[in-house]
Amino acid sequence: AKKSLATSSSSIMPFGTLLLLILGLSSVVDAIELTFELQQRDKMCFHEDLKQDVEATLEFQVIYGGQFDVDMILTGPDDEELFSTQKKQYDSHTFTSTKAGVYSFCFSNEFSTFAHKTVYFDFYTTESLETLSDDTKHEQAVTQLESSIYSIHDNLKVINDYQTHFRLREAQGRSVIEGLWERVTSYSVGETIVIFVVGVGQVFVLRRFFAEKRSSI
């Protein structure tokens with residue numbers, strides 16, 4: 001019985017090691033999410049310092065304004081163009097940094113004269129295990145429990161991405177519905193005013209018509 005108890009206790013990871021593993025996940029995966037206003041004829045850039053051989057993904061979506069479109073360009077440390085797109089509502093691009101340095105991605109609304117945009121973007125990086133330090137590699141030794149933690153982390157990331165996209169779709173749908181409601185309301189008010197003016201005009205025309213007949217008699 002004692003031997004069985006010792007075996008089961010040795011298979012349980014100490015809390016300190018488990019905590020270090022969970023904290024190690026944050027050093028492997030890093031993410032930035034931001035929603036910002038982009039004015040008409042304006043351009044806004046963001047910068048991220050990356051190490052070499054780091055996989056990064058940039059996703060963006062226009063959730064309000066105009067035709068829901070924006071220009072985006074991604075450049076590397078030497079200002080070389082890595083990716084660009086024009087007048088897109090949504091797009092995603094994954095790349096691996098070929099060299100260490102500052103990577104920039106800019107959103108442009110310079111083609112729009114009147115409409116400002118609300119833009120959401122998600123920039124996250126996944127650092128390969130080869131680029132980690134020896135201590136971090138030691139903390140991330142492959143065991144069944146650690147593999148399960150990594151799998152749970154990945155699944156939670158996928159769930160979070162789905163929730164974010166659903167919230168963005170909801171915000172965009174609400175924006176379209178509110179705009180449609182404003183247009184329908186304006187049209188209804190205008191139509192009511194026109195009907196009222198036409199009705200009043202018809203009454204005055206009829207009164208004038210009968211008044212002229214009475215005077216002629």
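Lys-88 is partly exposed, with a relative accessible area of 35%, where buried means under 20%, exposed over 50% and partly exposed in between (1.4 Å probe, protein chains only). The side chain of Lys-88 meets that of Asp-91 in a salt bridge with an N to O distance of 3.5 Å, a salt bridge being a side-chain nitrogen of Lys or Arg within 4 Å of a carboxyl oxygen of Asp or Glu. Asp-91, at 15% relative accessibility, counts as buried. This is a predicted model, in which local features need pLDDT of at least 70 and side-chain atom pairs count only at pLDDT 80 or more, while totals for chains, interfaces and linings use all residues. Residues are numbered from 1 along each chain as its sequence is written, and side-chain values use heavy atoms, with hydrogens and water left out.

**Salt bridges**
- The structure holds three salt bridges, and in one of them the closest N and O atoms of Asp-69 and Lys-117 are 3.0 Å apart.
- Asp-69 lies in the loop between E3 and E4 and Lys-117 in strand E8, so this pair ties together parts that are 48 residues apart in sequence; helices (H or I, at least four residues) and strands (E, at least two) are DSSP runs, numbered from the N terminus.
- Both Asp-69 and Lys-117 are buried.
- Asp-78 and Lys-99 form a salt bridge at 2.7 Å, N to O, and because Asp-78 lies in the loop between E4 and E5 and Lys-99 in the loop between E6 and E7, the pair ties together parts 21 residues apart in sequence.
- Asp-78 is exposed at a relative accessible area of 52%, whereas Lys-99 is partly exposed at 34%.

**Disulfide**
- A disulfide, meaning a pair of cysteine sulfur atoms within 2.5 Å, joins Cys-45 to Cys-106 with an S to S distance of 2.0 Å.
- The link of Cys-45 and Cys-106 is right-handed, with 110° about the S-S bond.
- This pair links distant parts of the chain, since Cys-45 is in strand E2 (residues 43-50) and Cys-106 in strand E7 (residues 101-108), 61 residues apart.
- Cys-45 counts as partly exposed at 33% relative accessibility, while Cys-106 is buried at 10%.

**Strands and nonpolar core**
- Strand E3 (residues 54-64) has nine of its eleven residues buried, so this strand is largely enclosed by the rest of the structure.
- E3 pairs with strand E6 (residues 90-96) in the antiparallel sense over seven bridges, two strands being paired if DSSP finds at least two bridges between them; Glu-59 has Ser-92 in E6 as its bridge partner.
- The largest nonpolar core has 20 residues, and those with the most contacts inside it include Phe-36, Met-72 and Phe-95; such a core is a set of buried Ala, Val, Leu, Ile, Met, Phe, Trp, Tyr and Cys residues joined through side-chain atoms within 4.5 Å.
- E3 gives the largest share of this core, four residues.

**Backbone angles**
- Arg-41, in the loop between E1 and E2, has a phi near 55°, a positive value in a residue other than glycine, and is exposed at 56% relative accessibility.
- Lys-87, in strand E5 (residues 81-88), has a positive phi of about 50° although it is not a glycine, and is exposed with a relative accessible area of 51%.
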